[in-house]
Amino acid sequence: MPATMAKTHSILIIEDEPDIIEVLKYNLEKNHYKVATANTGEEGLQTARETLPDLVLLDLMLPGIDGLEVCRRLREDPRTRDLLVIMLTAKGTEADVVVGLTLGADDYIVKPFSTSELMARIKAVLRRVEHREDEGEQDLLKTGPLTIDLRKHQARLSDVVLELTLSEFKLLSFLVRKKGRVFTRDQLLDAVVGPDVFVTARNIDVHVAALRKKLGKYGNCIVTVRGVGYRFEET
Ligand code: CA
């Protein structure tokens, strides 16, 4: 038990390769996480329902039902709907990543990954939830020189008020509120215009380009994730 009485988070690994499980388990336990493992999607779903871990590390390539189906079922079940999910994916499977994010996975990491990279990702996802719980529905978002006033519908860069369209404002506040997290173009469209409006996902690219221009030097905070979508990153 670490000296600081921080909450011990529990992590469920759903993965079929014994070597990877072993390495993950060793490193997670060394970092004071409580670890459970499952070798198949079915077993993983059952363990998730029974133990309700704080976070699930979900391999996408599993025998039987695959990781995407596991993710779908986790999100469908009210008991497991809010569990954090980080997908473990192979290089070149961006299409699966897009589906996984659309199904509600919180993040993904591409194999092979370093232990430090994985630990950083896990901490970031857990931290985001704690923030979410702390912040609730606040009116003011601040990141770097950027301040977003949700009540006034106004964004400022240092002292300069940005001239944004309604869509640009919605997109920016959505990304900033969930900074660090990757979203697909469809998810961003839903956030900005709602699911019922018919526009193509490429419209998001146009909004992003306009936003970046208006943000000037700070525009590179909106990061393009190749083959997947966009993420806001603090510089
Ligand atoms: Ca696998």
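This briefing walks through the sheets, helices and a few individual residues of the structure above. The structure is a predicted model, in which local features need pLDDT of at least 70 and side-chain atom pairs count only at pLDDT 80 or more, while totals for chains, interfaces and linings use all residues. Residues are numbered from 1 along each chain as its sequence is written, and side-chain values use heavy atoms, with hydrogens and water left out. Helices (H or I, at least four residues) and strands (E, at least two) are DSSP runs, numbered from the N terminus.

**The five-stranded sheet**

- Strands of a sheet pair through backbone hydrogen bonds, either parallel or antiparallel. Here, two strands count as paired if DSSP finds at least two bridges between them.
- Five strands make an open sheet with parallel pairing, in the order β2-β1-β3-β4-β5. At its edges are β2 (34-38) and β5 (107-111), each of which pairs on one side only.
- From one strand to the next, the twist averages 20°. Angles of this kind run from 0 to 180 degrees between N-to-C directions, and the axes are lines fitted to C-alpha atoms, for helices over the stretch in contact.
- Five bridges join β4 and β5 in the parallel sense. Ile 86 has Asp 107 in β5 as its bridge partner.

**A closer look at Val 85**

- Val 85 belongs to strand β4 (residues 84-90).
- Val 85 is buried, with a relative accessible area of 0%. Buried means under 20% relative accessible area, exposed over 50% and partly exposed in between, using a 1.4 Å probe and protein chains only.
- Although Val 85 and Asp 106 are 21 residues apart along the chain, their C-alpha atoms are separated by 5.3 Å.
- Not counting residues up to four places away in sequence, Val 85 touches Val 56, Leu 58, Leu 74, Arg 75, Ala 105, Asp 106 and Asp 107. Such a contact means heavy atoms within 4.5 Å.

- Another open sheet has four strands in the order β6-β7-β8-β9, with antiparallel pairing. Its edge strands, β6 (140-143) and β9 (160-161), each pair on one side only.
- Strand β8 (residues 154-157) is joined to β9 by two bridges in the antiparallel sense. Arg 156 stands opposite Val 161 in β9.
- Helix α6 (residues 166-177) lies across β6, β7 (146-149) and β8, and runs at about 115° to β7.

**How α6 meets α8**

- Two packed helices are described by the angle between their axes and the distance between the axes.
- For α6 and α8, the angle is about 85° and the axes are 10 Å apart. That makes α6 roughly perpendicular to α8. On this scale, angles under 35 degrees count as roughly parallel, over 145 as roughly antiparallel, 65 to 115 as roughly perpendicular and the rest as oblique.
- From α6, the contact is made by Ser 167, Glu 168, Leu 171 and Leu 172, while α8 brings Ile 204, His 207, Val 208, Ala 210, Leu 211, Lys 214 and Leu 215.
- By class, this contact has seven nonpolar, two polar and two charged residues. Ala, Val, Leu, Ile, Met, Phe, Trp, Tyr, Cys and Pro count as nonpolar, Asp, Glu, Lys and Arg as charged, and the others, Gly among them, as polar.

**Helix α7**

- The buried residues of α7 are Arg 185, Gln 187, Leu 188, Leu 189 and Val 192. Their cover includes α4 (94-102), α6, β10 (183-184), α8 and β12.
- Gln 187 sits in helix α7 (residues 185-193) and counts as buried at 18% relative accessibility.
- Leaving aside neighbours within four places in sequence, Gln 187 is in contact with Leu 101, Thr 102 and Val 182.
- Just after α7, Gly 194 takes a positive phi of about 90°.

- Strands β11 and β12 run antiparallel and are joined by four bridges. Ile 222 has Phe 232 in β12 as its bridge partner.
- The hairpin has three residues between its strands, and Gly 227 takes a positive phi near 80° there.
- There are two aromatic pairs. Rings of Phe, Tyr and Trp (its six-membered ring) pair if their centres lie within 6.5 Å; planes under 30 degrees apart count as stacked, over 60 as edge-to-face and the rest as tilted.
- One of the pairs is Tyr 218 with Phe 232, edge-to-face at 6.4 Å centre to centre and 65° between the planes.
- This pair links distant parts of the chain, 14 residues apart: Tyr 218 is in the loop between α8 (202-215) and β11 (222-225), and Phe 232 is in strand β12 (residues 229-232).
- Tyr 218 is buried at a relative accessible area of 8%, and Phe 232 is buried at 1%.
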